[in-house]
Amino acid sequence: MGAVRGAGGSGVGGGCGRTDKAAMPVRVLKIIEGKFETPLPSHLQKEGLKHLQEGFDPTNKYIQGLVILSYPLTKLGDGTDFFKVVLQDLDDFCSRINSINILIYGKMAEDCAKVMRNGDTLVVAGFKLAKSPTAREDGRHNCQLEMSEEAGSVIYIYTKPKTTSASETASMSVAPKYVYTPLDHLKDGTIVNLYGIVKFFKPPYVSKGTDYCSVVTLVDPSNAKLTCTLFNGNLNSLPKIYKVGDIVRFHRIKIREYNGQMQGVTSAGFASLTFDGTVGAPVVPRTSSKVFTFMDEEQKIIEELRVWAASNLSICGPAAKLSGVQPMLFFDLTCQLIGKAKVDGSSFLLKVWDGTKCPYPTWKVPVEARELEGEKLLLHQLRNLTVDILVYDNHVQLAKSLKIGSFLRIYSIHTKQVSSDKDGSHIEFHLHGGTCYGRGIGVLPESNPDVKELKDFLESVELADSQSMESMSSVELDSTFNNITVLTDHQDLSNTELKTILNSTAPQQFRIRAKLRTYKPQKLHQSIKLHCSKCNSLTEVPDGDDFDCILQGSAMTSPNPELHNTSWYDSVMWTTQDQKQRKIAIHFVKPDEMLKEPEDTLLMIEGGTLKELWRLTKRFKCVIPVRSTEDDLELLDLSAPFLLQGNTKYYGCKQCSTPKPIQHLSSIAAEEQPSWEPTEIAQVLGIELLQYVFIMKFTLVDGTGALNAYLFDYEKFFQIPASEILTNSFLQQKMQMTMNTLCPPGRKLDDLPWLECFIKSYHVRDEMKHRVCYQIFDTTVAEDVV
């Protein structure tokens, strides 16, 4: 055992927990066979970081952890030596805060800098606890430990014996201690190591360049979320994720902030391991790398994450079997590939089976015999157990590279029921282009538990039974199958050419298959309007500046104190300290005579600015701007929103509304659990609620004609609420990506994708003329953006 004695030091004040004065300030001890060579003094008790807070009494307490970062020894302005280290609590990895700054002063700082190394185990006692001024920036504990010999501090540094064998030395050289950052501690511009549980993923696909790309969304016990976009020219170098619930370890992933959310991207030296997230499964890493580190303590991390995920993450059950598929279904399929063929430039055929039989007649894609790869005898034997899956666009290149006999997991297959006069009804299987909803193809190794189970089952299937089954009929392959919309009703309707529709009388309903040649407005935010269902009027969404002007005007009237603190709301009022000295009053509605949590509370505000109102909406459920009269509070001009909830402003129709005094809200407040829904609030206040709606004009063509069809939709078509699009940049980007999919810019007409949709014709009579218009209905976009 060696020891370093310090002679004295400067600088941290009193109030710290004293320890044995005879103890050496800095002691270097050894860890032998996993145990401390010399036990700690018996009067010391261990404390975890999560229990440290201002006012904590550190007397006879010690903190233990791993040195994960140390800074160079420096001198303060008065010449005092100063040494800073970061300690990580390995006993509480899943805690939101699991590292803390330690500031060491004087001779003790000099002594520690000589002998302390990253990876050493540190025990500190006799420290002073102070507030950390850098907690917000560095993401560590909001307190820091301050230590000096003068203050009676003691530091025990535990290291492994230096007399290790050559093999152990080599092992230690390639097995450094890594620090893993919880997801809620990520900072913009940093490169970190982390563990996470897969909540969503997109299997690797070919990006616009030459690299493969994979997208994975991770969660951890901090309840934070991180979406990572990973690129690599080598497909095998991307994480081998097979299902939601898998656990990944990423080393050297770069963190960046985008639209207020943290994202992960690959950086130089990025590496990954993937583990089965099932509780009790063997902890075996999946990786293509031949050299990687995996420490004993990491097994504990994985086991803790598995247990947490089992009770906190919604993990889907096993993938569907072919025997359980239904029409209009999206499902994942674990299967074996027995045949493949090129169909055309944008689609590719995969013939697969899983040992079970689809309960519906299935579509057999006609291809040239010479184009079909696979063992001919096996293809014939399994002809009644295989299904044909047509894959499109970005999945084609990967599909071409698949080896016959390999085991696959195909994600988000679309089953489509089609009727034919010749062959009756049958089921088609499509893997549409794009990667939304995790759409893609994954190759499973034979060591995968699902593959082992599938192989055992396939070996038990009696092929003789399948040979005797009646052959399925084939149908002609349509010229293009890249339909990227889903019909939600009226499956009995057959397709009608646009030429026929244009020559038909109105009103009627039609099913069409067409291409979107162009659309208006091109600036998508201009498509959002306000609609009154009572008078059928459409109005533009008011500008935020107009609202601000109305608020400024209402602030000229001071709140009426006689209207404060009623039986159903409490009031507070104050005067601003600026030159205008505005009077602001806030009235907190108290349902059932008790104030609720802020996120469940409705409040009314007088005299506030637009900025102040938005600040309140971030904390409270509903905010209603009001002004005082002699007898009651009342709503502002209906040019302003009567209600703010989250980022959404709710307006009333000026023609159809008859505003009532705010007192009428008391009827909702009297309910035991008021929901404060905008429709209910509008009703009791005499407001005819305006609804946000998408209004667009699509020019559709199909080779026989062209017609303009209007889209009038609240949220069904895009699967995006029109009420949220104006204030959410992510949803705006999502909508733009959707329109770029429906009508890709710069493409020739022949290269545009096909859309299936329902349209209805109707009469419109103007003052002088009569015309027929068309509207899209009961159709939703399948190629949605995640």
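The structure holds zero disulfides, a disulfide being a pair of cysteine sulfur atoms within 2.5 Å. The model is a predicted one, in which local features need pLDDT of at least 70 and side-chain atom pairs count only at pLDDT 80 or more, while totals for chains, interfaces and linings use all residues. Residues are numbered from 1 along each chain as its sequence is written, and side-chain values use heavy atoms, with hydrogens and water left out.

C228 counts as buried, at 0% relative accessibility, whereas C549 is exposed, with a relative accessible area of 51%. Here buried means under 20% relative accessible area, exposed means over 50%, and partly exposed lies in between (1.4 Å probe, protein chains only).

Strands (E, at least two residues) and helices (H or I, at least four) are DSSP runs numbered from the N terminus. Leaving aside residues up to four places away in sequence, L194 touches Y180, T181, L183, L186, L218, L226, V248, R249, F250 and I253, where contact means heavy atoms within 4.5 Å.

Turning to the rings, the structure holds 13 aromatic pairs. Rings of Phe, Tyr and Trp (its six-membered ring) pair if their centres lie within 6.5 Å; planes under 30 degrees apart count as stacked, over 60 as edge-to-face and the rest as tilted. F331 and F429 form an edge-to-face pair, at 6.4 Å centre to centre and 75 degrees between the planes. This pair links distant parts of the chain, 98 residues apart, with F331 in strand β18 (residues 330-344) and F429 in strand β22 (residues 424-431). F331 is buried at 5% relative accessible area, and F429 is buried at 0%.

The rings of F698 and F717 have centres 6.0 Å apart and planes at 65 degrees, so this pair is edge-to-face. F698 lies in strand β35 (residues 691-701), and F717 in the loop between β36 (706-713) and α14 (729-742). Ring pairs link F694, F698, F717 and F718 into a cluster.
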